[in-house]
Amino acid sequence: MRVGGQIGGLLGLASVALVALATLAAAAVPAGGGVALVPPEPCSPGVVITDPTGDGHHDPTDVTAAWLSEENAGNLQAVIQVALGNWDAEHDEPEIAAGYVFLFSKGGTTKFVRLSVDEFFDPTYDYGTYDPALTNPFVHEGDTTGSIDPLAQIPPLPAPGPGTAVIDVPSSVAVDGDVLKNNFVLTYDGLLDAGPTWVDVAPGGDLPNEAQPGPSFTVGSCTGVTVAAPASIKGGKTVTVSGSVDPAAEGIDVTITRTTVPGVVAETMATTDVNGDYSALVPVRETTFVKATANGIDSTTRKITVRSTVTIRAVRLRNGKTRIQGVARPKLPGRIQLIKTTAFVPAASKTIAGGSFRFTARKLKPGRWQVIYTPRAGRAVRSISPAVRVR
């Protein structure tokens, strides 16, 4: 595998003009002053990381997509796209720098390639190993090359829209045949003595421990596995998990792994058809993370959020007492709280495990009553029952 150099570290409007003439003479210059570069394409849809816009609290470091590419004459490159391409840390402190890091595991070690943009808007590129136990988890091992679009400016010109960073992955980091697993992106807008100030994790939340493993990639083979599943379901049920394997072939075994919030792991098998597509019915009874694996390659991880439901009814007993009873779905351990619709504090609560519950009271105040079901440990989203009237 060869690694080709890219344009980096160019500043000022004169540099932008030189880049436009030397590399993309026919390209249009957008209103923000940057050169409209076309990022290298992913070799397979199955190796693309996607992340929602807005989950990073600063637009210049809010990741929207990322992937690995070999479009540039077989040279391995990491591509990171952000919501706003002005490459600004959005802080006043002069020591602040913005960082855009593509990470993957290989042979039990997490590697990274990184774009850093300092307070003078000068981009640099490096690579190394990642150790989350360290205050600064990025252990520098060497420099590499890359490019950003639009180019960073002094002062920064208004960005015309999203930005793209391309980082060359040196052959000392990965070579043909290496399987790069658990791909994800971290961004930060400060790298001080206290460590990075995190902004976004893609795919995931905004802290490193909230990363959800992205798709694997085999260097030199352009293989990929996709997975699709419902984003949310109500009450728990059997869902269809589907996807494809690229290159397409019939009869490829696909393992669909589902992991619950408590860490229970189960597997379902599927087989691709002549188009490389697969599907399987998978039981989901609580919030679950699913991924597909074929030929040693992992898909990205999808989260299926389970929204609980709870129903109740009021029964007047012969002895004059009132019973509020009902059923919660899915049947997860949790807490049921009985509350009057006009009150702020529950009148009673109890833990449940099998879905059914009941409250019995000698005198229940007239009015509208309902229950709140909260599954334990975030295994499903809590729910509130419809109200029943007690006379």
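**Close-up views of a predicted model**

**View A. The lining of the second largest pocket, by residue class, comprises five nonpolar, five polar and three charged residues.** As throughout these legends, the structure shown is a predicted model. The second largest pocket holds about 240 Å³ of space. Of the 13 residues that line this pocket, those closest to its centre are Pro-203, Gln-212, Thr-301, Arg-302 and Lys-303.

View B. Because Trp-87 belongs to the loop between β3 (75–82) and β4 (98–106), whereas Tyr-100 belongs to strand β4 itself, the pair ties together parts that are 13 residues apart in sequence. Trp-87 has a relative accessibility of 1% and therefore counts as buried, and Tyr-100, with a relative accessible area of 0%, is buried as well.

**View C. A cluster of aromatic residues is linked through ring pairs.** The residues joined in this way are Phe-112, Tyr-130, Phe-138, Tyr-188 and Trp-198.

**View D. The charged end of Lys-350 is placed over an aromatic ring, that of Phe-359.** In this arrangement the charged end of the Lys-350 side chain sits 4.9 Å from the centre of the Phe-359 ring, which is inside the cut-off of 6 Å applied to the distance between NZ of Lys and the ring centre.

Conventions. Residues numbered from 1 in each chain as written. Predicted model: local features only at pLDDT ≥ 70, side-chain atom pairs only at ≥ 80, totals over all residues. Heavy atoms only, no water. Helix = DSSP H or I, 4+ residues; strand = E, 2+ residues; numbered from the N terminus. Buried < 20%, exposed > 50% of the residue type's maximum accessible area, 1.4 Å probe, protein only. Phe/Tyr/Trp six-rings, centres within 6.5 Å; stacked < 30°, edge-to-face > 60°. Lys NZ or Arg CZ within 6 Å of the ring centre and 35° of its normal. 1 Å grid on protein atoms, 1.4 Å probe; cavity = no way out; pocket = protein on both sides within 12 Å on 5 of 7 lines; lining within 4 Å. Points joined across faces, edges and corners; volume = space filled by probe spheres on them. Nonpolar A, V, L, I, M, F, W, Y, C, P; charged D, E, K, R; others polar.
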